[in-house]
Amino acid sequence: MTIESEVGLALIEGQYTLTSAESLTAGMFVSELASVPGISAVLPGAFVTYSAATKHQLVGVSQELIDSHGVVSAEVAYAMAQGARDTLQTDFAISFTGVAGPDELEGHPAGTVFIGLVGPKQFERTLECHFKGDRLAVRQASVQAGMQMILDALRNIA
């Protein structure tokens with residue numbers, strides 16, 4: 001069984017809803033999750049927030065936060081997840097922001113990724129990752145790390 005199948009089935013069985021706010025992954029996470037049959041019962045929608053302006057417009061990340069921490073930060077990853085969750089009123093929300101490459105961004109080398117996850121019972125977690133490889137490899141590794149974060153969270157709150 002693939003990790004996205006495990007995550008999808010765990011969400012469905014637990015009746016936990018989920019949304020995502022994706023920057024560098026550009027919808028790859030939700031696309032992988034959408035391959036799970038029945039996922040529409042717990043996945044109402046998702047956001048692709050590639051630019052700083054879109055992070056503000058779609059999921060409410062404040063411009064002040066972006067200006068003070070940059071888009072490649074744990075603070076913005078958390079705010080993206082919280083904003084996505086608030087907007088769609090889901091149980092969980094996950095976010096991805098970082099540098100897929102090949103160039104650095106805001107002084108961070110390619111492969112630097114921040115993943116935010118918020119959930120029920122004041123569950124909050126951000127993860128900083130440093131992946132190797134080309135753009136596709138960094139994006140795929142980010143999605144896999146996010147899937148594992150959700151699976152771990154579901155196991156811990158059950």
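Against which strands and helices do the buried residues of H5 pack? In this predicted model, the buried residues of helix H5 pack against the strands E1 (18–22), E2, E3 and E4 and against the helices H3 (52–59) and H4 (63–69). The residues of H5 that count as buried are Val-76, Ala-77, Ala-79, Met-80, Ala-81, Gln-82, Gly-83 and Ala-84. The helix itself covers residues 74–88, and its 15 residues should span 21 Å at 1.5 Å a residue, which agrees with the 21 Å that separates its end C-alpha atoms. Just after H5, Gln-89 takes a positive phi of about 55 degrees.

An open sheet of 5 strands is found, with the order E2-E1-E3-E4-E5 and with mixed pairing. Strand E2 (47–48) and strand E5 (123–130) stand at the edges of this sheet, and because each has a single partner strand, one side of each is left without a neighbour in the sheet. E3 and E4, in contrast, run antiparallel and are joined by 6 bridges, with Phe-96 having Ile-115 of E4 as its bridge partner. Strand E4 (residues 112–119) also runs antiparallel to E5, to which 8 bridges join it. Ile-115, already named as the partner of Phe-96, has Leu-127 as its bridge partner in E5, while Phe-114 stands opposite Glu-128 of E5.

Strand E3 (92–98) deserves a separate description. Of its 7 residues, 7 are buried, so the strand is largely enclosed by the rest of the structure. When residues up to four places away in sequence are not counted, Thr-97 touches Ser-23, Leu-24, Lys-55, Val-71, Val-72, Ser-73, Ala-77, Met-80, Thr-112, Val-113 and Phe-114. Two of these contacts, Ala-77 and Met-80, are among the buried residues of H5. Phe-114, also in contact with Thr-97, lies 17 residues apart from Thr-97 along the chain, yet the C-alpha atoms of the two are separated by 5.4 Å.

In the loop between E3 and E4, where Pro-102 has its place, a cis peptide bond joins Gly-101 and Pro-102, with an omega of about 10 degrees. The hairpin of E4 and E5 has 3 residues between the strands, and in this hairpin Lys-121 takes a positive phi near 60 degrees, although Lys-121 is a residue other than glycine. Gln-122, which is also placed in the loop between E4 and E5, has a positive phi of about 55 degrees and is likewise not a glycine.

The axes of helix H1 (residues 3–14) and helix H6 (residues 135–157) come within 9 Å and cross at roughly 35 degrees, and the crossing in which H1 passes H6 is left-handed. From H1, the residues Ile-3, Glu-4, Glu-6, Val-7, Ala-10 and Leu-11 take part, and they meet Gln-144, Met-147, Gln-148, Ile-150, Leu-151, Leu-154 and Arg-155 of H6. The residues of this contact divide into 8 nonpolar, 2 polar and 3 charged. For the reading of such lists it may be recalled that an α-helix has 3.6 residues a turn, so residues three or four places apart point the same way.

Note on methods:
Residues are numbered from 1 along each chain as its sequence is written. This is a predicted model: local features need pLDDT of at least 70, side-chain atom pairs count only at pLDDT 80 or more; totals for chains, interfaces and linings use all residues. Side-chain values use heavy atoms; hydrogens and water are left out. Two strands pair if DSSP finds at least two bridges between them. Helices (H or I, at least four residues) and strands (E, at least two) are DSSP runs, numbered from the N terminus. The expected span of a helix is 1.5 Å times one less than its number of residues. Buried means under 20% relative accessible area, exposed over 50%, partly exposed in between (1.4 Å probe, protein chains only). Contact means heavy atoms within 4.5 Å. Axes are lines fitted to C-alpha atoms, for helices over the stretch in contact, and angles run from 0 to 180 degrees between N-to-C directions. A crossing is left-handed if the near helix is turned anticlockwise from the far one by less than a right angle, and right-handed if clockwise. Ala, Val, Leu, Ile, Met, Phe, Trp, Tyr, Cys and Pro count as nonpolar, Asp, Glu, Lys and Arg as charged, and the others, Gly among them, as polar.
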